[in-house]
Amino acid sequence: MRLLTARLSAKRRSPLAGLVVVLLGLLLTGGAYTFLSPASAQTGSADQSKIDAGRRLFLVGCASCHGENGEGVVTKRGTQYGPPLVGVGAAAVDFQVGTGRMPMARPGAQAQQKEVLYNQEEISQLAAYVASLGPGPAEPTKAQYDVNGIDNASVVRGGEFWRTNCTACHNFAAAGGALPGGKYAPSLRHVPPKKIYEAMLTGPQQMPVFSDGVLKPSEKRDVIAYIKSIQDSPNYGGYNLGSLGPVSEGLAAWVIGIGALVAFAIWIASHSVRSRKGAKA
Amino acid sequence: MSEDQNFPAAMGHPTAHDVEVEKAAAGDPVADPGLAAHEPRPTDVDPHAEKRAERQIATLFGLSSVCAVLFVISYFVFKVGANPTIIAGLGASNVALGLTLGLALLLIGMGAIQWARKLMSDVEMVEMRHPAASSAEDREAAISSFQAGVKDSGIARRPLIRNSLIGALAFLGLPLIVVLRDLGPLPGNKLAHTVWRKGMRLTNDIAGTPIKPEEVEIGQLINGEPAIFYAKDAQGKPVIEGTELLQAKAKAAIIIVRMKPEDITPLPNRRNWGVSGILCYSKICTHVGCPISLWEQQTHHLLCPCHQSTFDLADNGKVIFGPAGRALPQLPITVDSEGYLVAQSDFHEPVGPSYWERG
Amino acid sequence: MSTATSNGKTAARAPKSDPLAKVATWADERTGLAGLAKKQIRKVFPDHWSFMLGEIALWSFVVLLVTGTLLTLWFKPSMGDVVYNGTYDRLRGVTMSEAYASSLNISFDVRGGLLLRQVHHWAAMLFIASMLVHLMRVYFTGAFRKPRELNWVIGTLLLLLGTLEGFTGYSLPDDLLSGTGIRAADGFIKSVPLVGSYVSFFLFGGEFPGSVIIPRLYAAHILLIPGILLALIGAHMLLLVFHKHTQWPGPGRTNDNVVGYPLLPVYTAKAGGFFFVVFGVTVLMGGLLSLNPVWMYGPYDPSQVTAGSQPDWYMGWPDGALRMMPGWETHLFGFTLSWNVFLPIIVLPGLTFTVLLLLPFLEAWITGDRREHHLLQRPRNNPTRTALMVGLMTMYAVFWISGGNDILAIKLNLDLNYITYFNRVAVFVGPVLAFWITRRWCISLQRADQERLLHGYESGVIMRSPEGAYAEKHVPVSADEAYTLTARDRDEIAELPAASDENGVRNRNAPLQRTRAKASRFWFGKNIQKPTAEELDEAKHHAEVELRVHEDGHQHLMSDGYSGNYELDGQPADGHQFDGRHDTEGDELRKGH
């Protein structure tokens, strides 16, 4: 990865060049806005101002990897440094930025979930800008992902879709699983329903897309309802050991079970105190 | 003999002398000092300590009874079933029953052990060992008895009887083997085929809806099944159900993925196996048969969660990592007159794990 | 034991006052067991914590019998389809097998049913784990030597059967995880050359999954395998009683006796108490720790799978081998041989259990030792044996790590693929390294023992000479310890055979004997032998000279020829006061205090 960034920097001559370009861009758009806006201030749609605000944010926080117009950056080796964002839609932005995956801390196998850097308004501005680049999935409406009051039959059906499409990567209890090359499918416990919906819709990173045409919006909602139901369900049998399956169970059998029983065995065979001090039994 | 054993060690070692002589002969550099004298425990000499231990043990047993009673109470108090009692996110019935019964058992055990450790005599006893073997006379007698018996039977003198008996017993093995024949049918070529046929629609698993290419986006994964699994006959009964359905599913399950056409490098004879970047592969791993659907849409790699075989779906399902020996079989697909994705034919090779006559 | 005298009217009558004697008489007149009982009731067992490890296995087997029998009251071993209508909401209306539906019923509707399931499963894990630990104890201490080889063989078979019993049980609930296990097992069977697909079809009554595998596994799980297990456990225990337990060497504890506490009452209380402890611990685990939550996995469907699909821990090592194996497959003359499955899952376990079975016989052949052994050896006193087992354990551990590679990858932020690459090398290099390190380690420990025996232990008393030289006093070890340290055999290295005897007849067995001699040299060659009586005497003499108070009334350090006064010269305080062994009564220095 160091190699990759080094090459990129070399291409751009100086790391400061990007900053200069961004500042220039900001100045120009800002200047243009001041000149043009008085005339259209009242008539210009709120959407356009949102898009423009989004573009400003984009140029500062996203363009270094995704290109100034979201066209993506390709490394010298021909691999994607930052993928093009034309057509990813607002849903993808809301997911990636809204879960803190974007902006990435550093290039790596997988964007890590971390603290969210933008507030909700900024995210929606960014989303509006990216959505303006090309048609893509919009942010889902609350009706699409809200699972309150959903009936049990839908939860059951969601479970069936869940086991067919999701458990292979995310594990039966949504605890997450491993992917090749240091990547992983994250735990889905306590992920907001909207984000789960957006992930299915847009296929972030290595996750495949589950388009509305194939996995219908109502089916997506069923899946979310199932995830929520197992997340809220009690541990009927006691502490769940991380819900990781037989590996953690085996570890518990050895450490706790054999550990405790061997300790008892040592106690049973140990010689208790003798009444005469210093004498050896 | 009975005097030798059960002899408190402190009172002497009956054969120590013999042992010592023997050891010395074997070049043992240090003579056996013999068992150390018994050291009494506080409970052996101090009546207070003894009383205290007694109370301690009785307390353990008493607490055990309390736990047993609590078990019975928990059994009736905590609900299971549709509205189970939940305490702190845990199933109250299971935890309470386990805790009370576990402690009831554990306390009995600890009490008994403490009793042995503190109050039962801890004077070590010595028991002598004897060679595992019987005496030479006994062994000879056994062998000669056996030989006498064999001689009496005349098995050596009458080879006709002997050989026919051996033959009869050997033939008895045949029925034993033959009755196992009906354990199951012979494989025939069942493993080589699936229910896929020319023109059968690809459907989304669970929902059973057929799929149009335009509904499939780049980076999409569909866990699919053949349409026949959702077909109903004239009476409205499923065409395939029960065991037959599971058996068919175990071979016919598929995954449908869409990649950018330029990323795909098909073999020359597979150029027309996909529909504008949509490819269909068997979902059954060629290693030991787990269903695989861990698809990485950016790398086009498919990982098996059981043993981590990794296949490259952009490169004809080639194995790029892990223990699988063969590429993932690809199902040639096209679109039918109504624009739905359909199979061009069955798989061109057996799906699932390898077997001897697979070829 | 003449029955004629106690027959009929002449039967011995117990005094009326003793009801126990009455019962005993009644029983003995019908069974004649008193002769046996008189020896066994006060049978002596030696006391050591490691002797209780096998007992964990025994008692967890009893727990398994108890909980298993109760589970059969509710479990339905059938693969018939039912639509679930029970109390677990998230699966209501789903079509599933009766086996799975009854597992849900046990978990949610039978009070204490989930506890039973979890206790049964935990006990199964502990059963096999404790057998493994017990096996290692027996091997490391040489308790498998003559006359106990047969018990080693029985024990190994128990481990094998216990593993099979565990696997069949794991497969019964017919949830997604257990079904995936059976699916993989079908793949394993199909990889067997020539007969694979036929065996698979016979076992599954047709194509996988069929409708009979669960009833068939159930029959094996509750009848066939436990029956054999029970018989073998019985034989194991009978041989144990017959051989009498091994013991650690020590003062008064020789190869010809067994020193310890009587069966009644001490061992009845200790072993009986331990049964309750084992039962209690498994029930506590069953109550507090969730195990195999079948309702979370969902019913088995051959097109579904979950991340973290693993067998239980005891099948983890062949599964790990399977994960590490490169994808080798041979296609010859129209036939397929999948080495990638056949080698790690069929050949490797077969080979491992064969090696395990043969270990005692292999060692006996190399050492040529035909004597009976009832005294245990410390692991350090047979470095090659110890190192061999540590090598095998290392290999097992690498396989194990490989079996959990996906969980390790997500929990330790590792790369799945690199774990596999690492393990592919480690499985060969690791055991060799572990063998070498362990052997050197053991030999060093032997050397340390030798030091202690010949030169005593460090008393902690530092002597300073007037010149300023410091020396720590070494004090001879006690007679008890000296005896314990020397209570072991001298290793005898087999000599190379002569090519021909004195009559010039060629030795036909020479190549085999040469191999044995070489193996024996490899086995024992570098060991430290215990000192001879002369060596020990010399060392003792040396020490005595060092400690002796000379005619001039002074005690001298051996070095430098110094002959001045020492502070403690002539005083009883020569270091023994502080060693915890010396009788300090009447000690001059202590009187004042």
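The side chain of Thr306(C) reaches across to another chain, coming to 2.8 Å from the backbone nitrogen of Phe172(A). Keep in mind that this is a predicted model. Thr306(C) sits in the loop between H11 and helix H12 (316–324) of chain C, and its relative accessible area is 0%.

**Around Thr306(C)**

- Is Thr306(C) buried or exposed? Thr306(C) counts as buried, because its relative accessible area of 0% falls under the 20% cut-off.

**Helix H11 of chain A**

- H11(A) runs over residues 217–232, so to speak 16 residues in a row.
- From first C-alpha to last, H11(A) reaches 22 Å, close to the 22 Å expected at 1.5 Å a residue.
- How many of the 16 residues of H11(A) are buried? The count is 12, which leaves this helix mostly covered.
- Among the buried ones are Val223(A), Ile224(A), Ala225(A), Tyr226(A) and Ile227(A), and the list also includes Glu219(A), Lys220(A) and Asp222(A).
- The cover includes three helices of chain A: H7 (142–145), H8 (152–165) and H10 (193–202).

**Helix H16 of chain C**

- Where does H16(C) bend? This helix, residues 416–455, bends by about 45 degrees at Ala426(C).
- At the start of H16(C), a side-chain oxygen of Asp415(C) comes to within 2.8 Å of the backbone nitrogen of Asn417(C).
- Just after H16(C), you'll find Gly456(C) with a positive phi of about 80 degrees.

**Chains A and C in numbers**

- Chain A has 12 helices and 4 strands, while chain C has 20 helices and 8 strands.
- In chain A, 49% of the 281 residues count as buried; in chain C, the figure is 54% of 593 residues.
- Take contacts between residues at least 6 apart in sequence: 61% of those in chain A join residues at least 24 apart, and in chain C that share is 72%.
- Chain A exposes about 13300 Å², with 61% of it supplied by carbon and sulfur atoms.
- Chain C exposes about 26900 Å², and there carbon and sulfur atoms supply 64%.

- The size of an interface is often given as the accessible area lost when the parts come together.
- Chain B and chain C bury about 8900 Å² between them, and 62% of that is on carbon and sulfur atoms.
- Which residues of chain B lose the most area to chain C? They are Glu127(B), Arg129(B) and Trp356(B), together 11% of what that side buries.
- In terms of contacts, 96 residues of chain B meet 116 residues of chain C.

**A loop spot in chain B: Ser276(B)**

- Ser276(B) is in the loop between strand E7 (254–258) and strand E8 (278–282) of chain B.
- Ser276(B) counts as partly exposed, at 45% relative accessibility.
- Not counting residues up to four places away in sequence, Ser276(B) touches Arg258(B) and Pro261(B).
- Ser276(B) and Ala324(B) are 48 residues apart in sequence, and their C-alpha atoms are 28 Å apart in space.

Terms used:
Residues are numbered from 1 along each chain as its sequence is written. Chains are lettered from A and ligands numbered from 1 in the order in which they are written. This is a predicted model: local features need pLDDT of at least 70, side-chain atom pairs count only at pLDDT 80 or more; totals for chains, interfaces and linings use all residues. Side-chain values use heavy atoms; hydrogens and water are left out. The bend at a residue is the angle between axes fitted to the seven residues ending there and the seven starting there. Helices (H or I, at least four residues) and strands (E, at least two) are DSSP runs, numbered from the N terminus. A polar contact is a pair of N or O atoms within 3.5 Å; within protein, one must be able to donate a hydrogen and the other to accept it, and residues adjacent in sequence count only if both atoms are side-chain atoms. The expected span of a helix is 1.5 Å times one less than its number of residues. Buried means under 20% relative accessible area, exposed over 50%, partly exposed in between (1.4 Å probe, protein chains only). Contact means heavy atoms within 4.5 Å. Accessible areas come from the Shrake-Rupley method with a 1.4 Å probe; for residues, only the protein chains shown count as cover. Buried area is the accessible area (1.4 Å probe) that two parts lose on being put together, summed over both.
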